[in-house]
Structures are given as structure tokens and as C-alpha cells.
Amino acid sequence: MYDSIIIGAGLAGLTAAHELASAAHSVVVLEARSRVGGRLENADLSNGQAIEMGGQWVAESHEDLRSLIASQGLELVDPTQGDVVVKARGRVSHLANSSTPSAQTLSPFELSDLGQGLLRFRRLADRVANNKGWTTANATWLSQSLNQWAASNVRTDAGRAYILDLFHRAFGISPDDTTLLDGLTKANAGVDLESFVAVNGGVRQQRVKGGIVQVAINLAERLGDDLKLSSPVRSVRTDGDTVTVTTTNGTEYQGHSVIVTVPPRLLKDIEFEPALPAERLELAEKIPAGNVIKAFLVYDSPWWRASGASGQMGADEGPVRVLFDTSDDETGRGILMGMFEGAEASGYGKRSVSLRQRAFEEVVESAFGKAPSAPIEYLDRDWLAEPYTGGCHGAHFAPSLWTTTGPILAQPLGRVLFAGAEYASSFNGYMEGALRAGARAAQEAVDLL
């Protein structure tokens, strides 16, 4: 009989296991894959060099994650210096590091989110300018404040803060007191929002040399035989003070609690007895899985640096909206990482690898010019196609969904506890959130004991 059974060996599950084991509680971790890390994963290029196919970026505010990285003696790598390319409204701009000292520092996902928000706003402005009938028919909706519109159309906190600040700087108005129609009218009066966009040197987040999956591997090593790989869970049955977890091969494990760390939408793949409340499953179904194909293009050298480019790009449209230089200077190779996201990922996920590579190359050429030589390697990962993940970076909550009903997802159901990036009350969807949710679930398991 274990003190707690943990389903999933991602950051949340391994953190929970570490917290419990450090307090002398017995645990077993059941992982469906043949590896640990969940949405953290390394892959090897042809020369044996490791690249990160999953989570990667570490921000200054990720205090628990940075502390864990430091405790394991891992090294953080700074982003490449140089100009940032911004592609907006069909125009390519090279922005120097010091172009806008007051601009926010955006993460890769926040940068893409900002571009999408600007694209929606511009299209809406065009509709207002060209379709008077539609504008009249939607007068009530257009009377909402710019702040309200941003809350519904820009999903990341930093992206919303940036675009609201952009409205203030570009229009000279308060987003709280200005209607959406007034803002769209100002945009149509000749104010070019894209000309105000800069990212102050781009993403200041760091990455772990050798890959952040090392954090998960190091945590897993401490578990020894209490980690069971290739053990997908079929059912979770609670009977009084005992929880029985059964894997697909029929092996049973009994404990005083179970910590479930699978993404919300995958809860339906496990049979619970008693069954999960209907509202819990309905909420999980409302949370669309993140849809990302993370891709890498490898060159003989980082040739884009010769023109002063950092290798970083943000765009408001196109198959790949963000690019980053993730070259390993020790090998001399140039490596660009980019992501097909959302609808683009869905479309390109059905195409061949060679077509995805060509699309990636075209984006690189539009941002940095023609490469002096052809790339030597391309590698990507379609996370929506991963059966035990069902999407990445993480699930995306619709505006207000988390604050109104999201905490229900993380509420314990008797001896069944929940942890993971989507179950976190802070840093939701991030690695930092997964760590905090895992620690919280571990404490809940202790409380049950």
C-alpha cells in the first residue's frame, strides 16, 4: 500500500513524487510513455546534438523552476543578441535592441499572441471602414471598451497588457474609457499600430544548456524502481480509504491517494469509479488542447547573424509566426526554431514533412534573406498527434473561463487529486505552474494521510 500513486511523470508528477518521497512517504509513479518529461523532450540531430522538442523557455519570474535548475547544477543560456524582425501588415521591420526601452519583454507565445491580436484588430477596423451596414447592426457590441475587447481577443496576460499599452501610446486614450468603435475609427484615421511594435531586444527568457528535460530526468533518477514506465493507466477506483489504480496490462497498485497529472481533455481516457462529476468532464471538453508543431531548421552556420539579426522573429500571419536562434556555439551550426500554431498547425500536420520544411524555409527567407547554402537538416514534432499529450504548449482557456470555473479542475475529489500546468492557479499553462501544482497536490496527499 503506497501513501500516494502518481499518474504521469511530467514536471507536476515528478515534483509531487519528490515532495512526498523527501518527507519519507511511499510513492509510485506510473508513466504511459517509455520516457519521463511529458511535454519536455529532447531529440537528437544527425550529429548527436540534442534539441528541445517541447517546453524550453525559463523566465525571470519562474522562481521555483529557476531554483530547481540551480539546485541541479544546470547552466542557463541567454538569448542571442541582435535585431529582432517583426513582420506585420505585409511589412518587414528590423528592430534594434534599444528601440523601445519601455516595451514589455514578451515570451515566444506572448509575442505570437500579440501578433494575432493586432491582426484581428486590423481586420475589424477594415470591416468598420468598408461595411457601414455591419457597423450599424453591431453598434451595441462595438460600444464595449477597448479593454473588454482585448480581454476577449488576446489570451495571454502579457499580450493583453502590451496591446492595451499600445492603444494608449498610439491613440493617446485610455482603453478603459474608449469604445471599441472609437479605437477602430482612430486606427482607420491613419494610425499604424504596427509601427509602434517593438519587443525591447526580444525574448529575454533563457533556456537550459542541454535541454530542460534534464530537470525531469534528474528528479526521476531519485525514484528508482518506484517509477514505472510504459504503464498507461486504465482505471482509478476509490473504495473507502483505498484507491486502486489499474494499468492497461492489468497490474494493480493500491494507495491512500492518487495524483492525476494528465491534461484535462485526456481524463476521459481513464475510467473513474465513482465517475468524475459531469461538470468536471464538460469543463475539460471546453478547454481546447494547444495545437503546435515545433520545428527546427539546421544550417552549417548561423548566417543570419552577419547582418546583425538575432534570429528572432514575430509575425502577424504566415505558417510560422515566431522564430528563435537556438544554435549551439560549440558545434558552430546554426539552428532556427519555429512553431506552426493553431489552424496553421492543423493544416500542416496533415502535410508531408518536406512540405513543412519548405514552408519553414520560406518564412526564414522572408525574415532574414536567402541563406548562403541549403539547410542540412529539418526536424519537427506534432504535439497534437501525441496520444498521451493531446496538444502543446498547454490547453488554452477561453477568456474568463479559468477565473470563473477553472479552479473546479484542480479541486480534489475525495482521494483523487489533480496536478499539472492546466491545474495551476498561478502560471497556468507554464512549467512553473506545473511545479507549483505538483507541490500543492503533494501537500493535499499529506493532509489525507
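The model is predicted: local features need pLDDT of at least 70, side-chain atom pairs count only at pLDDT 80 or more, and totals for chains, interfaces and linings use all residues. Residues are numbered from 1 along each chain as its sequence is written, and side-chain values use heavy atoms, without hydrogens or water.

View 1. The Arg-207 side chain reaches the backbone oxygen of Ser-327 at 3.2 Å. Contacts of Arg-207 (heavy atoms within 4.5 Å) include Trp-57, Glu-75 and Asp-325.

**View 2. The largest nonpolar core, of 38 residues.** Such a core is a set of buried Ala, Val, Leu, Ile, Met, Phe, Trp, Tyr and Cys residues joined through side-chain atoms within 4.5 Å. Leu-14, Ile-69, Ile-212, Val-215 and Ile-259 touch the most other members. Helix H15 (431–448) is among the elements that each supply at least two residues; its share, seven residues, is the largest.

**View 3. Helix H15 and its packing.** Helices (H or I, at least four residues) and strands (E, at least two) are DSSP runs, numbered from the N terminus. The buried residues of H15, including Met-431, Leu-435 and Ala-442, pack against strands E1 (4–7), E13 (258–260) and E20 (416–418) as well as H1 and H2.

Key: Buried < 20%, exposed > 50% of the residue type's maximum accessible area, 1.4 Å probe, protein only. Polar contact = N/O pair within 3.5 Å; in protein donor to acceptor, adjacent residues only side chain to side chain. Lists of a residue's contacts leave out its neighbours within four places in sequence.
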